[in-house]
Amino acid sequence: MGTAKANNNRDTYKATAVTLILFGLLYLADRIVNFSSVGLAWVVDKDNFLLYTALVFLLLKRDKSVGLVLAGLWLVLNFGLITALLGTMSAYLLPLALLVTGIILYLISTK
């Protein structure tokens, strides 16, 4: 059990380190290139940093729960963006997807 916890900590440290390096590179590239002047202001938008963190944690950690929670938070916080991208279909699709996902997670957690 101690080895599993050590590997989990190592995965967390690695994912955190890569996230910080990614943020540093993005900020440095923004200072050099100025993303907003080339139409890429969304790259360094503060809302997307949560998504970047979620992706790094999903890619680098064996336990995907942290990455899934962060991705879910990003979805909830950017609900307006998601609904705008999906159009009128999103009025029913996204709430239904949230309900189904919540029910599945609840059923898995109660087993």
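How are helix 2 and helix 3 oriented to each other, roughly parallel or roughly antiparallel? In this predicted model, the axes of helix 2 (residues 46-60) and helix 3 (residues 65-77) come within 8 Å and cross at roughly 155 degrees. Angles over 145 degrees count as roughly antiparallel, so helix 2 and helix 3 are roughly antiparallel to each other. Their crossing is left-handed.

As for who touches whom, helix 2 puts in Asp47, Asn48, Leu50, Leu51, Thr53, Ala54, Phe57 and Leu58. From helix 3 come Val66, Gly67, Leu68, Leu70, Ala71, Leu73, Trp74 and Leu77. Sorted by class, the residues of this contact come out as twelve nonpolar, three polar and one charged.

Helix 3 turns up again in the largest pocket, where helix 3 and helix 5 (90-109) each supply at least two lining residues. This pocket holds about 330 Å³ of space. Its lining is made up of Ser65, Leu68, Val69, Gly72, Leu75, Leu94, Ala97, Leu98, Thr101, Gly102 and Leu105. Helix 5 gives the largest share of that lining, with six residues. Leu68 shows up in both places: it belongs to the contact with helix 2 and also lines the pocket. By class, the pocket lining has seven nonpolar and four polar residues, with no charged ones.

How values were computed. Residues are numbered from 1 along each chain as its sequence is written. This is a predicted model: local features need pLDDT of at least 70, side-chain atom pairs count only at pLDDT 80 or more; totals for chains, interfaces and linings use all residues. Side-chain values use heavy atoms; hydrogens and water are left out. Axes are lines fitted to C-alpha atoms, for helices over the stretch in contact, and angles run from 0 to 180 degrees between N-to-C directions. Helices (H or I, at least four residues) and strands (E, at least two) are DSSP runs, numbered from the N terminus. Angles under 35 degrees count as roughly parallel, over 145 as roughly antiparallel, 65 to 115 as roughly perpendicular and the rest as oblique. A crossing is left-handed if the near helix is turned anticlockwise from the far one by less than a right angle, and right-handed if clockwise. Contact means heavy atoms within 4.5 Å. Ala, Val, Leu, Ile, Met, Phe, Trp, Tyr, Cys and Pro count as nonpolar, Asp, Glu, Lys and Arg as charged, and the others, Gly among them, as polar. On a 1 Å grid over the protein atoms alone, a cavity is a set of points where a 1.4 Å probe fits but cannot get out, and a pocket is an open set with protein on both sides within 12 Å along at least five of seven lines; lining residues have an atom within 4 Å of a point. Grid points are joined across faces, edges and corners, and a volume is the space filled by probe spheres set on the points.
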